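Dear colleague,

I am passing on the structure we spoke about, together with some notes on what was found in it. Please have it open beside you as you read.

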Amino acid sequence: MITKEEIAHVASLAKLKFNDEELAKFTPQMDSIIEMANELGEVDTTGVKPTTQIIDVQNVYREDVVVKSQTREQLLKNVPETKDGFIKVPSILDKEEK
Amino acid sequence: MNISNETIDSLNQKLKDGSVTAQELANETFSTIAKKDEKLNAFITVNKDVEVATDLDLSNPLAGVPIAVKDNIVTDGVKTTAGSHILDNFMPVYDATVVSKLKENQMTIVGKTNMDEFAMGASNETSYFGEVHNPWNLTKVPGGSSGGSAAAVSSGEVIAALGSDTGGSIRQPSSFTGIFGIKPTFGRVSRWGLIAFGSSLDQIGVMSKRVRDSAQVLTAIAGYDDKDATTSKREVPDYTQFLNQDITGLRVAVPEEYMGAGVKPEIKEVIQNTIDLLEQNGAVINHVSLPHTKYVVPTYYLIGSSEASSNLQRFDGIRYGFRATDVNNLEDVYVKSRSEGFGDEVKRRIMLGTFALSAGYYDAYFKKASQIRTLIVEDFKEIFKDNDVIVGPTSPTTAFGIGEEISDPLTMYANDILTISANLAGVPAASVPAGMADEMPVGFQIMANHFDEGSIFKVASFIESQNKFYEKTPTGMED
């Protein structure tokens, strides 16, 4: 049985936050999903290689040449806040007062 | 003009003889959408400012034909949301490769279709932009996640639409709305510009009422792309050459698990009739087993969610999309933008994936699922040694009611049991209408070996020519 504390921990790894009400809803849902995942334990996979991609291509190389891409202006078009052509973000450290 | 009775070829003919122009077709489509979408909500954005090509090369049947694109495929200068609040203001600055190809073929992109948020869902109910209604019965879901594309095609708003399919997101809605939809082989169509969900599973494909229309569009969008290193350099055939072929001697595998207890009896009957039809016309039916079918749902949800939890890290409120305002520091921007920007289903998948990849759980969940994926791939390899196609139902049920399953994630996930394996194995798969059950359409699934879309088109076109399902009109759209 997965606990609310474990769910809150996983949420913090995923940069998500749930309030108490959401935790109360998500915890049993996650528990039942993980219980379903536990069914995989029935399958004997001794010596079976994992598959993480299904194409027969391995590494793909290209010449290291300059190609045309988007302009700075285009790339900044969707940025919520910019200053002097840079992305502006809040301070990394806590602000005492906003 | 009622576009429901048209095909790409018939529109091409009308453009050739001058009875309609491409601009008129676009305008006509916009007025149809305005009227029908009051009931359906199939579009998130209608692209009214689209530049319709004027120098049409009508030797290409696609030229001047309107098409819709699922809203997780980026379109330069046209809002692209992936059905999410976190991208509800996102304006791409480039075109996805498939969109560039549609434009090279002079198709008119009339709008962006509604979808489950980040393509996570089987009902279209997880969209931030509201649920989509099934044209056959407005109280039912159109399926998901490409439910907007399915409803738009089925109702006759457009002839064809692009969708994406990670675990059945093209095929299941095609089945629920009585249209054809194909998920090509992994690596056949570039995903450059597709907002990533599960990178080892995602594939862009086509949905249309008529099989030939999809064959034409797929021929245009398939092929190698140096921007997507997973695409294949294999030559793309003209898929229309596989239509209207004799099916004598075609080897058809029917997995016992696909006709088992979980499938509704009314659906089994429709599917069995279609299998009988293939047999009566010279196909050889082989009864086979896909023994790991029982495990595909958890296998898929672990792998897909793990990949999603990684892919969706990029949505952090910094470079694009929604940024929360009530913040004290950078960490707050990440956590609040994501917590306010993502819906519940997306959060569940991110949580499951993060859990499956986290220290102490990786071996038991992600690695275990990846090993079982190997066994599933081997099951398919074994069957394709002696068979050309694998067939069965696309979905164990017909379209369910809006609100019926959304509160129970496990019930919703079980919808995908018959479609997931094709994504895990990377093989091409399609759904073609087979008939009706409970007054709703039933889809017949056809899977083939890697890069053998041709066999799928052959079988689908044969079934279409026999049952002429396209002559039926969706029953939910009458006033």
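Where in chain B is Thr231(B) found? Thr231(B) lies in the loop between α6 and β7 (251–255) of chain B, where helices and strands are DSSP runs numbered from the N terminus, a helix being H or I over at least four residues and a strand being E over at least two.

Before going further, please note that this is a predicted model, in which local features need pLDDT of at least 70 and side-chain atom pairs count only at pLDDT 80 or more, while totals for chains, interfaces and linings use all residues. Residues are numbered from 1 along each chain as its sequence is written, and chains are lettered from A and ligands numbered from 1 in the order in which they are written.

The model scores ipTM 0.93 and pTM 0.97. For chain B the average pLDDT is 97, and 100% of the residues score at least 70; pLDDT is the predictor's confidence in each residue, from 0 to 100.

**The two chains**

Chain B has 14 helices and eleven strands. The radius of gyration of chain B, taken over C-alpha atoms, is 21 Å, close to the 23 Å that the globule rule (2.2 Å times the number of residues to the power 0.38) gives for 479 residues, so chain B is as compact as a globular protein of that length. Along the principal axes, the C-alpha atoms of chain B fill a box of roughly 65 × 55 × 45 Å. Of the 479 residues of chain B, 63% count as buried, a residue being buried if 20 or more other C-beta atoms, placed from the backbone, lie within 10 Å of its own, exposed if 12 or fewer do, and partly exposed in between.

Chain A has three helices and two strands, which run α-α-α-β-β from the N terminus on. Its radius of gyration is 23 Å, whereas a compact globule of 98 residues would have one near 13 Å. The C-alpha atoms of chain A fill a box of roughly 55 × 55 × 20 Å along the principal axes, and buried residues make up 13% of its 98 residues.

Where the chains meet, the contact takes 44 residues from chain A and 53 residues from chain B, two residues being in contact if their C-beta atoms, placed from the backbone, lie within 7 Å. On the side of chain A that touches chain B, α1 (4–13), α2 (20–38) and α3 (72–75) of chain A each supply at least two residues, and α2(A) gives the most, with six residues. By class, that side of chain A has 25 nonpolar, ten polar and nine charged residues, where Ala, Val, Leu, Ile, Met, Phe, Trp, Tyr, Cys and Pro count as nonpolar, Asp, Glu, Lys and Arg as charged, and the others, Gly among them, as polar.

**Helix packing in chain B**

Helix α6 (residues 211–221) and helix α14 (residues 453–467) of chain B pack at an angle of about 160 degrees, with their axes 9 Å apart; axes are lines fitted to C-alpha atoms, for helices over the stretch in contact, and angles run from 0 to 180 degrees between N-to-C directions. The two helices, α6(B) and α14(B), are therefore roughly antiparallel to each other, given that angles under 35 degrees count as roughly parallel, over 145 as roughly antiparallel, 65 to 115 as roughly perpendicular and the rest as oblique. In this contact, Val211(B), Ala215(B) and Leu218(B) in α6(B) meet residues of α14(B) including Phe457(B) and Ala460(B).

Helix α8 (residues 296–311) and helix α10 (residues 344–357) of chain B pack at an angle of about 100 degrees, with their axes 7 Å apart, and that makes α8(B) roughly perpendicular to α10(B). The residues of this contact divide into seven nonpolar, five polar and one charged.

Leaving aside neighbours within four places in sequence, Thr231(B) is in contact with Gly187(B), Ser190(B), Tyr224(B) and Asp225(B).

Ala196(B), by contrast, sits in the loop between β5 (180–183) and β6 of chain B, and is partly exposed, with 19 other C-beta atoms within 10 Å. Not counting residues up to four places away in sequence, Ala196(B) touches Asp202(B) and Asn311(B).

With best wishes
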